[in-house]
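Hi there,

Here is the structure I promised to pass on. My notes follow below it.

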Amino acid sequence: MLMIAVLLAAGCGSRNGKETGDGVSGDPITATGSDENLRTVSFLPYWVTTVQFAGYYVAAEKGFYARHRIHLNILPYRSTVTPDSLLRQGKADFAALWLVNAIRMKASGTDLVNIAQLSSRSSLMLITKKKSGIAEPEQMNGKRAGIWSGFEMQPRAFFKKYHLDVEIVPIGSTNTLFLLDGVEITNANWFDEYHSIINAGYNPDELNTFFFADYGLNFLEDGIYCMNGLLQKDPGLCRDFVEATLEGWEYAFSHPEETLEIVKRYAIAARQPVNRSHQQWMLDRYRDLYLPKGKTKPATGLAQQDYDFACNVLKESEQISSMPAFADFWKPVIHP
């Protein structure tokens with residue numbers, strides 16, 4: 001059985017991928033069991049405790065990591081300590097990151113590698129209200145858009161592609177400005193904020209959605225990363241971590257009610273608010289994102305065209321000065 005310490009975090013901030021404090025403080029939750037012969041590793045999610053990390057929580061709860069001889073510490077999300085600092089300092093062995101954030105870290109000198117790319121489609125979108133009259137990209141010109149601080153890359157690329165002059169208004173993790181008509185446009189994840197806006201009283205037929213992936217701006221999201229040094233030193237550990245995580249996701253999708261209960265317990269322990277109906281929506285959308293076209297297991301591959309596309313957008317927007325070589329970035333531990 002697995003002995004797992006989940007380090008708690010009470011605070012949450014904007015979706016900017018940064019953390020506060022050392023990123024590893026908190027009160028542990030321990031599941032009893034023997035940890036003899038287990039290898040202790042730490043995992044860093046990029047956001048607070050929700051179903052979007054269900055595979056990791058389920059794999060811990062069901063003993064999948066233990067079966068692969070792993071004792072896992074899940075580190076808390078905090079809002080102002082960067083993931084690259086925790087990886088470089090060895091405080092995090094593995095991290096979930098979005099592709100563009102990881103490329104930017106790699107280009108700035110953090111020698112991390114992608115060992116499994118779980119998502120193959122961006123869940124990000126822009127939303128407008130139909131009453132605003134914004135039904136096409138061209139109609140966004142001269143409008144105001146609420147965009148998460150640190151996540152401006154896709155929206156800026158979208159506005160540039162359609163030659164739009166849009167005022168970007170930095171926002172945190174709420175939809176308040178959009179709901180109160182403070183901005184005409186807002187960004188959202190399909191699995192999260194879109195549903196929150198519906199729960200706030202809007203019907204889907206009152207909204208227009210603009211999925212970036214449908215406009216040629218498919219920035220991939222959830223990948224599993226570690227430092228290249230760890231991969232070189234212990235490739236078996238990296239493979240075992242990915243395999244146990246995939247088992248966790250497969251179980252989560254096939255046992256939704258149990259998964260929601262597991263995530264609920266973890267969220268409450270982390271002092272995070274949790275809404276079961278919203279978590280159910282998130283799990284259903286993650287199934288759509290991770291298991292497209294009837295697949296039964298999440299994919300793990302990263303296509304070079306997706307990588308090159310993200311690199312080119314980052315370079316054109318002067319967020320990186322040079323593109324890291326694909327072969328230095330993509331180091332899969334599981335092959336089809």
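At what angle do helix α9 and helix α11 pack, and how far apart are their axes? Before the answer, a word on the source: this is a predicted model, in which local features need pLDDT of at least 70 and side-chain atom pairs count only at pLDDT 80 or more, while totals for chains, interfaces and linings use all residues. Residues are numbered from 1 along each chain as its sequence is written, and side-chain values use heavy atoms, with hydrogens and water left out.

Helix α9 (residues 235-254) meets helix α11 (residues 276-290) at about 125°, and their axes lie 10 Å apart. Axes here are lines fitted to C-alpha atoms over the stretch in contact, with angles from 0 to 180 degrees between N-to-C directions. The two are therefore oblique to each other (under 35 degrees is roughly parallel, over 145 roughly antiparallel, 65 to 115 roughly perpendicular, the rest oblique). Trp249, Ala252 and Phe253 of α9 touch Leu283, Tyr286, Arg287 and Tyr290 of α11 (heavy atoms within 4.5 Å). By class, that contact has six nonpolar, no polar and one charged residues.

On to the cavities: there are three of 30 Å³ or more (on a 1 Å grid over the protein atoms alone, sets of points where a 1.4 Å probe fits but cannot get out; lining residues have an atom within 4 Å of a point).

Best wishes

Notes
On a 1 Å grid over the protein atoms alone, a cavity is a set of points where a 1.4 Å probe fits but cannot get out, and a pocket is an open set with protein on both sides within 12 Å along at least five of seven lines; lining residues have an atom within 4 Å of a point. Grid points are joined across faces, edges and corners, and a volume is the space filled by probe spheres set on the points. Helices (H or I, at least four residues) and strands (E, at least two) are DSSP runs, numbered from the N terminus. Ala, Val, Leu, Ile, Met, Phe, Trp, Tyr, Cys and Pro count as nonpolar, Asp, Glu, Lys and Arg as charged, and the others, Gly among them, as polar.
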